[in-house]
Amino acid sequence: MASSLFFRASNLVSSARIRRRIPLLGAFCVLGLGFPSLCSILPSSSYLKTSCPQSPHFVHIERSKFSTQSADKTVQAVKMEGNSNIVPSIVVYVTVPNREAGRKLAGSIVKEKLAACVNIVPGLESVYLWEGKINSDPEEMLIIKTRQSLLEALTEHVKANHEYDVPEVIALPITGCSPQYLEWLKNSTRD
């Protein structure tokens with residue numbers, strides 16, 4: 001009986017640890033290794049919920065050098081040039097000092113239609129050099145999905161509404177994605 005209770009308790013602890021780490025682990029796997037890699041390491045697909053209700057699952061096109069699957073076995077690349085329903089799109093990283101600042105900035109970005117979706121990833125620690133001194137601070141990460149053409153306006157919005165003197169605004173191109181997600185992204189942002 002005691003060993004049975006210990007086994008159940010240890011399963012709950014490890015499940016709680018996994019759920020706490022899923023946002024950061026998920027962001028890393030999806031952006032670095034691809035969605036299939038995330039699926040293979042999670043104990044249950046019940047953890048896989050997207051934070052943007054209208055968005056279908058991300059489909060990673062270009063395979064990482066760490067992956068054993070070939071690109072031929074996933075899906076074919078989305079050709080953005082010839083499809084009028086989608087536009088060149090980017091993922092933008094912005095760090096914020098806390099959840100309250102992240103929610104405020106994310107809300108204003110989506111309200112202004114500068115992005116279709118903003119994920120807030122908790123539990124980061126940033127180590128950085130500032131004014132000649134090494135600092136270590138807890139932060140949260142905003143992962144912003146938007147049109148490439150909105151980067152300049154988004155950057156200006158972040159600068160005007162962020163508490164940091166020099167906010168991080170790092171943009172990466174979306175080179176592969178489901179056409180439905182890209183169409184939703186286009187329709188959810190301003191021209």
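Asp-191 is exposed, with a relative accessible area of 80% (exposed means over 50%, buried under 20% and partly exposed in between, with a 1.4 Å probe and protein chains only). The model examined here is predicted, so local features need pLDDT of at least 70 and side-chain atom pairs count only at pLDDT 80 or more, while totals for chains, interfaces and linings use all residues. Residues are numbered from 1 along each chain as its sequence is written, and side-chain values use heavy atoms, with hydrogens and water left out.

Asp-191 has a partner in Arg-147: the two form a salt bridge in which the closest N and O atoms are 3.2 Å apart (a side-chain nitrogen of Lys or Arg within 4 Å of a carboxyl oxygen of Asp or Glu). Because Arg-147 lies in strand S3 and Asp-191 in the segment after H5, this pair ties together parts of the chain that are 44 residues apart in sequence. In contrast to exposed Asp-191, Arg-147 counts as buried, at 7% relative accessibility.

In total, the structure holds three salt bridges. Another one joins the side chains of Arg-99 and Glu-140, at 2.9 Å from N to O. This pair also links distant parts of the chain, with Arg-99 in helix H3 (residues 99-111) and Glu-140 in strand S3, 41 residues apart. Arg-99 is partly exposed, with a relative accessible area of 30%, whereas Glu-140 is buried at 12%. The side chains of Glu-156 and Lys-159 meet in a salt bridge as well, with 3.9 Å from N to O. Glu-156 is partly exposed, with a relative accessible area of 46%, and so is Lys-159, at 49%.

The chain as a whole has five helices and four strands (DSSP runs numbered from the N terminus, H or I of at least four residues for helices and E of at least two for strands). Along the sequence, these elements follow the pattern α-α-β-α-β-β-α-β-α. Of the 191 residues, 38% count as buried.

Helix H5 (residues 179-187) contributes Tyr-181, Leu-182, Trp-184 and Leu-185 to the buried set. These four lie on the same side of H5, because they cover an arc of only 160° around its axis (taken from the directions from the axis to the C-beta atoms). Gln-180 and Asn-187, on the other side of H5, are exposed. The cover over the buried residues of H5 includes strands S1 (89-96), S2 (117-130) and S3.

Strand S3 (residues 133-147) also holds Ile-134, which is exposed at 66% relative accessible area. Together with Val-127 and Leu-129, Ile-134 makes a nonpolar surface patch of about 360 Å². Such patches join nonpolar side chains (Val, Leu, Ile, Met, Phe, Trp, Tyr) within 5 Å, or like charges within 9 Å, among residues with over 30% relative accessible area and no salt bridge; areas follow the Shrake-Rupley method with a 1.4 Å probe, and for residues only the protein chains shown count as cover.

As for confidence, the mean pLDDT of the chain is 74, and 57% of its residues reach 70 or more (pLDDT is the predictor's confidence in each residue, from 0 to 100).

Technical notes:
Contact = heavy atoms within 4.5 Å.
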